[in-house]
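Hi everyone, thanks for coming. Please have a look at the structure I'm putting up now, and then I'll talk you through a few parts of it.

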Amino acid sequence: MDTLPSAGVGAAVTVPLVFVPFSPAVGGTVAAYLHDGDRAGWQVGALSGALASVPGITIPAAVIGIDVPVSLPVLAAVAVVYFAACGVFGGIVGEALQDVD
């Protein structure tokens, strides 16, 4: 698979698991494993995490009911960094699993 479809599949795996700690690592692993590329698993994992951060922050924010306009951008920035960092870790693992096959 190309980069964007692989990252989309990884994000689709991450979103239902958003309430599980470190779930973006699972999505990053899936994305990097499915990616046919030049050893860029960490990049695909990071993209997967960044894509998953959009619904990953809006769904819990809607459930919790965050109303303060200042805290939502800060929370969103922290979430993007967290999701992308976990995705990078998962991408490295997915790339290693792809090498085993």
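This is a predicted model: local features need pLDDT of at least 70, side-chain atom pairs count only at pLDDT 80 or more; totals for chains, interfaces and linings use all residues.

A word on helix packing before we start. Two packed helices are described by the angle between their axes and by the distance between those axes.

Let's begin with helix H1, residues 3-14, and its partner H3. Their axes come within 8 Å and cross at roughly 50°. An angle like that makes H1 oblique to H3. The crossing as H1 passes H3 is right-handed. Which residues of H1 and H3 meet here? On the H1 side you'll find Thr3, Leu4, Ser6, Ala7, Gly8, Gly10, Ala11 and Thr14, and on the H3 side Val44, Leu47, Ser48, Leu51 and Ala52. Sorted by class, this contact of H1 with H3 has seven nonpolar and six polar residues, with no charged ones.

Now stay with H3, which covers residues 41-64, and bring in helix H2, residues 23-34. H2 and H3 pack at an angle of about 130°, with their axes 8 Å apart. H2 and H3 are therefore oblique to each other, and their crossing is right-handed. From H2, the residues in this contact are Gly27, Gly28, Ala31 and Ala32, and they meet Gly41, Val44, Gly45 and Ser48 of H3. What classes of residue make up the contact of H2 with H3? There are three nonpolar, five polar and no charged residues.

H2 has another partner to look at, H4. The axes of H2 and H4 come within 6 Å, crossing at roughly 40°. That makes H2 oblique to H4, and H2 passes H4 in a right-handed crossing. H2 brings Pro24, Ala25, Gly28, Thr29, Ala32 and Tyr33 to this contact. Among the H4 residues they meet are Tyr82, Phe83, Cys86, Gly87 and Phe89, and also Glu95. The contact of H2 with H4 divides into ten nonpolar, seven polar and one charged residue.

Rolling a probe the size of a water molecule over the atoms shows where empty space is left. How much space lies in the largest pocket? About 200 Å³. Of the 16 residues that line the largest pocket, Val18, Gly56, Ile57, Pro60 and Phe83 are the closest to its centre. Two or more lining residues come from each of H2, H3 and helix H4, which is 71-100. Which element gives the most to this lining? H3 does, with five residues. By class, the lining has 14 nonpolar residues, two polar and no charged.

How values were computed:
Residues are numbered from 1 along each chain as its sequence is written. Side-chain values use heavy atoms; hydrogens and water are left out. Axes are lines fitted to C-alpha atoms, for helices over the stretch in contact, and angles run from 0 to 180 degrees between N-to-C directions. Helices (H or I, at least four residues) and strands (E, at least two) are DSSP runs, numbered from the N terminus. Angles under 35 degrees count as roughly parallel, over 145 as roughly antiparallel, 65 to 115 as roughly perpendicular and the rest as oblique. A crossing is left-handed if the near helix is turned anticlockwise from the far one by less than a right angle, and right-handed if clockwise. Contact means heavy atoms within 4.5 Å. Ala, Val, Leu, Ile, Met, Phe, Trp, Tyr, Cys and Pro count as nonpolar, Asp, Glu, Lys and Arg as charged, and the others, Gly among them, as polar. On a 1 Å grid over the protein atoms alone, a cavity is a set of points where a 1.4 Å probe fits but cannot get out, and a pocket is an open set with protein on both sides within 12 Å along at least five of seven lines; lining residues have an atom within 4 Å of a point. Grid points are joined across faces, edges and corners, and a volume is the space filled by probe spheres set on the points.
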